[in-house]
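Keep the structure open beside you as you read.

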Amino acid sequence: MGSLPGRLGSVDPTSDRAVFRQIADQLREAIDRGRFTEGEKLPSEAELVEHYGVSRMTVRNSFSMLQGEGLVHAEHGRGVFVRTRPPVRRLASDRFARRHREQGKSAFLVEADAAGGHPEVDSLEVREEKAGQDVANRLGAVRRVLARRRRYLLDGRPVEFATSYLPLDIARATQIAEPNPGPGGIYARLEELGHRLDHFDEEIRARMPSPAEVRTLRLASGVPVIHLIRTAYDTEGRAVEVCDTVMAADAYVLAYRLPAT
């Protein structure tokens with residue numbers, strides 16, 4: 001680690017801005033300017049206490065502020081590290097292209113390949129259940145659905161979990177109801193069943209995670225989630241699937257290619 005005076009400045013005790021915020025400002029700027037790079041360990045509490053002449057609690061408050069912003073994460077017994085940039089680029093205009101299904105690839109597999117990572121799926125559950133009101137409305141007032149729940153990992157790290165809801169009259173007693181739906185995933189199976197896909201509607205919002213989501217995605221403190229609900233429609237205009245997905249916001253870049261009209 002380079003000398004702190006070359007990477008960090010000093011604080012102004014006469015400023016109206018609290019000292020811990022000044023320290024956080026300097027660490028943030030150093031990260032933004034590349035003085036501390038992705039995955040690099042930040043100076044220890046002891047080093048910052050000596051550099052700034054402040055208490056350990058002041059330094060801890062600075063670290064907490066940066067953790068809340070999602071810039072750094074703490075590892076017990078090791079220190080505080082600069083968070084790595086999102087590894088997965090989610091290109092909405094390409095991820096559901098038919099050519100991927102014809103090659104036997106699901107959307108997540110396409111994205112994992114592009115990121116150069118190893119994809120895995122675990123925590124898989126497939127069952128029939130009563131449709132919630134929102135899902136029922138999106139699927140056209142169906143009462144019961146086939147629900148497919150799963151968690152996606154990239155290089156062993158959980159990055160999202162999703163639940164797909166499909167009308168029983170389409171999915172029951174088909175390969176979609178099996179743990180492994182086969183090459184190309186459930187969208188490939190839907191098209192084989194005669195439901196050629198026409199378009200997808202997506203609704204996206206960012207929010208803080210629930211305690212259960214923190215555990216499932218192993219989220220560090222201060223990391224939000226991206227909550228996405230997608231409805232797939234066939235060429236007859238029927239909604240054939242609703243997918244409710246929660247993604248770790250620090251794992252994804254949402255990219256869009258929009259036509260100029």
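How many aromatic pairs does the count come to? The model here is a predicted one, and the count comes to 1 aromatic pair. The partners are Tyr 187 and Phe 200: their ring centres sit 5.3 Å apart and their planes meet at 55°, so the pair is tilted. For stacked rings the planes would have to be under 30 degrees apart, and for edge-to-face over 60. This pair links distant parts of the chain, with Tyr 187 in helix H9 (residues 185-192) and Phe 200 in strand E7 (residues 197-207), 13 residues apart.

**Around the ring pair**

Are the two partners buried or exposed? Tyr 187 is buried, at a relative accessible area of 8%. Phe 200 comes out as partly exposed because its relative accessible area is 24%, and buried means under 20%.

Helix H9 itself is largely enclosed by the rest of the structure, since 7 of its 8 residues are buried. The buried set is Gly 185, Ile 186, Tyr 187, Ala 188, Arg 189, Leu 190 and Glu 191, so if you click along the helix you will find Arg 189 and Glu 191 listed as buried too. Just after H9 comes Gly 194, with a positive phi of about 100°.

Strand E7 also holds Asp 198. The side chains of Asp 198 and His 199 are joined by a polar contact of 2.7 Å. Setting aside neighbours within four places in sequence, Asp 198 is in contact with Tyr 233, Asp 234 and Thr 235.

Most residues other than glycine have a negative phi.

| Residue | Phi | Relative accessible area |
|---|---|---|
| Ala 141 | about 65° | 61% |
| Asp 155 | near 55° | 56% |

Ala 141 belongs to the loop between helix H7 (133-138) and strand E5 (144-154). Asp 155 is found in the loop between E5 and strand E6 (157-167). Ala 141 is exposed, and Asp 155 is exposed as well.

**The nonpolar cores**

Which residues have the most contacts inside the largest nonpolar core? They are Leu 8, Leu 27, Phe 36 and Leu 48, in a core of 21 residues. Helix H2 (19-32), helix H3 (45-52), helix H4 and strand E2 (79-82) each supply at least two residues of this core. H2 gives the largest share, 5 residues.

Beyond its neighbours within four places in sequence, Phe 36 is in contact with Arg 7, Leu 8, Leu 27, Ala 30, Ile 31, Leu 42, Pro 43 and Val 82. Apart from this core lies another, of 18 residues, including Val 159, Val 223, Ala 248 and Ala 251.

Helix H4 (residues 56-68) also contains Thr 58. Thr 58 counts as buried because its relative accessible area is 18%, and the cut-off is under 20%. The Thr 58 side chain has a polar contact of 3.0 Å with the side chain of Ser 55. Not counting residues up to four places away in sequence, Thr 58 touches Val 19, Phe 20 and Ile 23.

**Zooming out**

What does the domain assignment give for the protein chain? It gives domain 1 (4-82) and domain 2 (89-254). The C-alpha centres of the two domains lie 39 Å apart.

The chain has 10 helices and 10 strands. Its radius of gyration is 23 Å, well over the 18 Å that the globule rule gives for 261 residues, so the chain is more spread out than a compact globule. Along the principal axes, the C-alpha atoms fill a box of roughly 70 × 40 × 35 Å.

Buried residues make up 45% of the 261 residues. As for contacts between residues at least 6 apart in sequence, 60% of them join residues at least 24 apart.

How values were computed
Residues numbered from 1 in each chain as written. Predicted model: local features only at pLDDT ≥ 70, side-chain atom pairs only at ≥ 80, totals over all residues. Heavy atoms only, no water. Domains from an automatic or database assignment. Helix = DSSP H or I, 4+ residues; strand = E, 2+ residues; numbered from the N terminus. Buried < 20%, exposed > 50% of the residue type's maximum accessible area, 1.4 Å probe, protein only. Polar contact = N/O pair within 3.5 Å; in protein donor to acceptor, adjacent residues only side chain to side chain. Contact = heavy atoms within 4.5 Å. Core = buried A, V, L, I, M, F, W, Y, C linked by side-chain atoms within 4.5 Å. Phe/Tyr/Trp six-rings, centres within 6.5 Å; stacked < 30°, edge-to-face > 60°. Rg over C-alpha atoms; globule rule 2.2 N^0.38 Å.
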